[in-house]
Amino acid sequence: MNHYGFVKVAAGVPPVKAADCAYNAAQLEELISLAAAEGARAAVFPELCLTGYTCGDLFSKPLLADAAERVLGALLRRTESTDVVFIVGLPVRAGAALLNAAAVCYRGEILGVVPKTYLPNYREFYEARWFTSSLEWGGGEVELCGQTVPAGTDLLFEASGMKFGVEICEDLWAVVPPSSRAALQGADVIFNLSASNALAGKHGYVRDLVAQQSARCLCGYVYASCGFGESTTDVVFSGNALIYENGTPLAFSERFSMQGQLVCGEIDVERLRNDRAVSTTFRSDAAYEASEPYELIESGQSPAPVLTLSRFVSPTPFVPKGSVLNENCQEIFNIQVSGLATRLLHAHIQTVTLGISGGLDSTLALLVCAKTFDKLGLARKNIIGVTMPGFGTTDRTYQNALSLMKSLGITMREVDIKKACRQHFADIGHNEKNKDVTYENTQARERTQILMDIANQMGGIVVGTGDLSELALGWATYNGDHMSMYGVNAGVPKTLVRSLVAWAAAHETGKKTQAVLNDVLDTPISPELLPADDKGRIAQKTEDLVGPYELHDFFLYYFLRCGFGPAKIYFLAKHAFGKKFTAAVIKKWLKVFFRRFFAQQFKRSCLPDGPKVGSVALSPRGDWRMPSDASAEVWLAESENLR
């Protein structure tokens with residue numbers, strides 16, 4: 001899709017006067033002009049906004065419907081040159097029936113009319129007193145503003161490269177909302193014209209309702225509900241404009257405002273379509289609905305470029321912000337613990353062995369093991385933590401490894417690997433001064449052999465410590481740290497590992513362990529396979545070699561979870577990271593990401609078991625199946641041409 005797949009939409013809440021159609025049309029015209037100025041391609045306004053929702057028995061008087069039709073005709077003429085599809089609510093006559101309807105308008109034409117299906121007639125609502133439901137009317141055509149217009153609930157519209165459907169207020173509250181069928185018929189976005197009065201606790205429910213429907217239908221949902229100026233004889237309308245995308249909020253209006261309001265947001269239609277293509281449940285339902293196809297009405301509106309975004313794009317998509325972070329960290333930690341506990345019980349195992357380096361990954365794995373053993377009622381002494389100093393081990397990480405194992409009360413073992421590695425160098429005729437991949441991988445494989453053999457001694461299993469980001473980049477030694485009996489971190493990307501360790505430091509450990517964890521968090525990420533510098537500091541920093549994990553996790557999320565190519569990922573990354581990384585830096589590491597991701601698939605094809613904790617995983621038995629010899633040429637070519 002052109003323009004990165006984004007379509008800018010708007011929801012407006014104009015001030016109204018009950019039964020003053022000319023005034024109401026003037027307010028709508030202002031907001032339509034504002035929508036055009038903001039670059040919106042489509043805008044929705046509240047239910048019956050041309051007349052006001054609270055006209056009561058005046059709806060049964062022909063003069064009101066005549067006035068609404070007359071001012072709509074004038075509004076169409078005044079907006080003929082405005083490149084915005086707008087959707088307004090008004091009463092529409094259809095023979096003997098009066099419909100509570102939405103008129104979809106563009107450049108002087110009414111593209112179609114969608115009548116309301118479910119008319120509330122309980123408590124404070126009396127719509128069936130004046131209007132006819134679409135279920136009773138049946139659909140067809142109506143005469144409106146001198147135009148013969150298709151009308152019905154089985155209409156879809158096309159504008160700016162998206163398909164959209166329309167429903168009205170109570171329709172959303174139905175057991176099976178019309179928007180569900182419209183989405184299955186191909187609607188990427190649903191526009192809802194509403195008149196929902198304000199009640200204590202209702203606003204949160206409405207937001208949840210819109211969020212859930214947009215998530216269930218894998219669609220964008222744009223909602224506009226009436227506000228200031230409606231009659232307050234018995235109820236009050238707060239004015240409510242909401243834009244959601246697949247359960248995620250994009251924009252909200254200020255409620256109880258006495259001024260007209262317009263909120264805009266960019267809906268990522270490409271992402272929604274990718275989600276639908278992946279979901280076999282959605283595809284199955286869509287195939288069923290396709291037996292009764294809706295009529296598609298094309299507006300002729302061309303897609304417009306979306307070069308900047310008003311929506312927030314998180315630079316850390318795997319790490320939620322705010323209060324949700326603690327909740328998510330606890331949930332993920334519990335998933336890891338539960339996965340390991342189940343594996344131990346199934347295998348009748350009461351001991352585990354893992355390497356403790358003093359780095360982030362092994363620290364998280366050890367915390368998971370400790371919690372698992374507590375949950376199973378097993379002694380922590382049955383956890384065998386092994387520190388294995390090598391040529392690049394620094395005193396800082398070594399001391400942190402010892403302190404962490406001691407504070408958690410596990411069994412500590414130390415095996416210095418330098419002598420064994422030198423013997424291996426001699427055996428294969430490798431010069432130790434040549435600090436190449438053989439030099440590095442010898443250490444990784446020696447450590448893995450030690451862990452496996454100690455696990456055999458103890459009748460236990462080796463718990464792997466490698467994380468999702470390392471699996472994506474292939475930053476693991478094949479049949480070295482790549483291998484274990486159960487990889488508790490396999491579904492956790494590096495940016496989230498850091499958050500989980502920080503969360504555990506605050507919620508799951510005592511002060512002594514917390515102090516160690518805080519220093520681990522401050523330590524540069526490194527495999528420590530090359531000697532330290534002359535001051536004993538880490539010389540081999542992973543992010544200097546493969547790039548910032550913050551960027552790679554961003555690339556991984558949008559490549560796997562959303563299916564995006566390099567151009568769109570690059571566009572989003574520039575927006576998300578702002579001045580933190582230049583465009584040139586983003587492009588450099590994006591090329592590295594795709595080159596490594598494709599080249600290192602063979603390591604992912606034979607991964608040990610490990611729990612999935614989020615929406616992205618790389619298990620060959622689950623989320624990701626890719627030939628190890630797949631070519632990256634298409635992705636690299638697009639990456640090379642980025643500007």
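Modeller: Before we start, buried means under 20% relative accessible area, exposed over 50%, and partly exposed in between, with a 1.4 Å probe and protein chains only. This is a predicted model, where local features need pLDDT of at least 70, side-chain atom pairs count only at pLDDT 80 or more, and totals for chains, interfaces and linings use all residues. Residues are numbered from 1 along each chain as its sequence is written, and side-chain values use heavy atoms, leaving out hydrogens and water.

Colleague: OK, is Ala101 buried or exposed?

Modeller: Ala101 counts as buried because its relative accessibility is 1%.

Colleague: And which strand is Ala101 found in?

Modeller: Strand β4, residues 97-106; strands here are DSSP runs of E, at least two residues, and helices are runs of H or I, at least four, numbered from the N terminus.

Colleague: What does Ala101 touch, not counting residues up to four places away in sequence?

Modeller: Its contacts (heavy atoms within 4.5 Å) include Val88, Leu90, Val113 and Ile168.

Colleague: New topic: how many disulfides are there?

Modeller: With a disulfide taken as a pair of cysteine sulfur atoms within 2.5 Å, the count is zero. For Cys49, the nearest cysteine sulfur belongs to Cys226, 9.1 Å away.

Colleague: Last one, which residues of α8 are buried?

Modeller: Among them are Cys329, Phe333, Val337 and Leu344. The buried residues of α8 pack against several elements, including α9 (360-376) and α14 (494-507).

Colleague: What follows α8?

Modeller: His348, with a positive phi near 55°.
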